[in-house]
Amino acid sequence: MSRKSRLSTSARVKLVTTEIPLTQGVLLAGGLARRMGGGDKPMRTIGGRTILERVIARLTPQCGGLILNANGDPARFAAFGLQVIADDVPGFPGPLAGILAALDWTAANRPEIEWVLSAAGDCPFLPRDLVARLHESRAKESAQLAVAASGDQSHPVIGLWRVSLREELRHALVVEDIRRIDRWTARYSLATVTWPTEPLDRFFNANTVEDIAEAERLAALDAAI
């Protein structure tokens with residue numbers, strides 16, 4: 001490799017390091033999957049791979065580490081090799097509790113990290129530029145938080161959260177009984193980043209048994225892109 005090539009490579013690495021802060025990823029798998037008759041939605045198989053396996057493969061290159069938010073026996077996820085953390089707030093209060101658990105875990109175990117990316121554990125086709133674009137938009141707009149969207153649909157479960165906001169989130173959950181993510185994010189400057197829905201919606205999630213059949217079709221399309 002020439003000296004010019006080495007310098008170019010070094011410059012690119014420095015640029016990426018500067019523009020995309022080290023980000024802890026959390027996969028939210030704490031839901032009750034009532035529309036699928038219970039069980040863990042991310043453990044369903046499409047295209048010969050579990051949904052969770054697909055999510056991990058898509059986010060691992062983008063994050064400085066992944067953890068899994070799930071309630072119940074963590075041993076059922078042992079094969080994936082991820083740290084499993086449960087909600088700190090009892091009563092299955094929803095994804096905000098999983099985000100709070102991830103912020104607390106990151107503060108205690110990865111104090112050098114200021115940002116957490118949350119993603120639904122049942123979205124197998126997430127964008128490969130998810131973290132980069134969320135950070136880019138957040139920085140450009142000087143926003144405190146950033147969430148994803150596709151078409152005219154917002155996906156507040158998939159977003160960037162500042163670790164330093166965890167006590168404010170805890171107060172909202174425990175004291176104010178806030179459950180909807182958009183009610184909490186409305187208090188902050190929020191960047192929304194939109195992806196196209198064609199040729200496929202990158203934020204398609206498998207909520208029902210019927211969705212699994214559609215996911216099989218989209219998996220083949222995803223592999224061809």
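Reader: What should I know about the numbering and the model before I start?

Author: Residues are numbered from 1 along each chain as its sequence is written. The model is predicted, so local features need pLDDT of at least 70 and side-chain atom pairs count only at pLDDT 80 or more, while totals for chains, interfaces and linings use all residues, and side-chain values use heavy atoms, with hydrogens and water left out.

Reader: How many helices and strands does the protein chain have?

Author: Helices (H or I, at least four residues) and strands (E, at least two) are DSSP runs, numbered from the N terminus. By that reading the protein chain has seven helices and nine strands.

Reader: How should I read the sheet, and in what order do its strands come?

Author: Strands of a sheet pair through backbone hydrogen bonds, either parallel or antiparallel. Two strands pair here if DSSP finds at least two bridges between them. In this structure seven strands form an open sheet in the order β5-β4-β1-β6-β8-β7-β9, with mixed pairing. Its edge strands, each pairing on one side only, are β5 (83–85) and β9 (190–195), and the twist averages 30° from one strand to the next.

Reader: Are the residues of β1 buried or exposed, and which way do they point?

Author: In a regular strand the side chains alternate between the two faces of the sheet. Buried means under 20% relative accessible area, exposed over 50%, and partly exposed in between (1.4 Å probe, protein chains only). In β1, T23, G25 and L27 point one way, Q24, V26 and L28 point the other way, and all are buried. Because six of the six residues of β1 are buried, the strand is largely enclosed by the rest of the structure. Strand β4 can be read likewise: L66 and L68 point one way, I67 and N69 the other way, and all are buried.

Reader: Where does helix α2 lie, and how many of its residues are buried?

Author: For such an angle, axes are lines fitted to C-alpha atoms, for helices over the stretch in contact, and angles run from 0 to 180 degrees between N-to-C directions; contact means heavy atoms within 4.5 Å. Helix α2 (residues 51–59) lies across β1 (23–28), β4 (66–69) and β6 (115–120), and runs at about 170° to β1. Seven of its nine residues are buried, so α2 is largely enclosed by the rest of the structure; the buried ones are I51, L52, R54, V55, I56, R58 and L59.

Reader: Which residues touch the most other members of the largest nonpolar core?

Author: A nonpolar core is a set of buried Ala, Val, Leu, Ile, Met, Phe, Trp, Tyr and Cys residues joined through side-chain atoms within 4.5 Å. The largest has 41 residues, of which L27, L59, L68, L117, L126, L130 and L134 touch the most other members. Its largest share, five residues, comes from α2. Apart from this core lies another, of 26 residues, among them V26, I67, V89 and L103.
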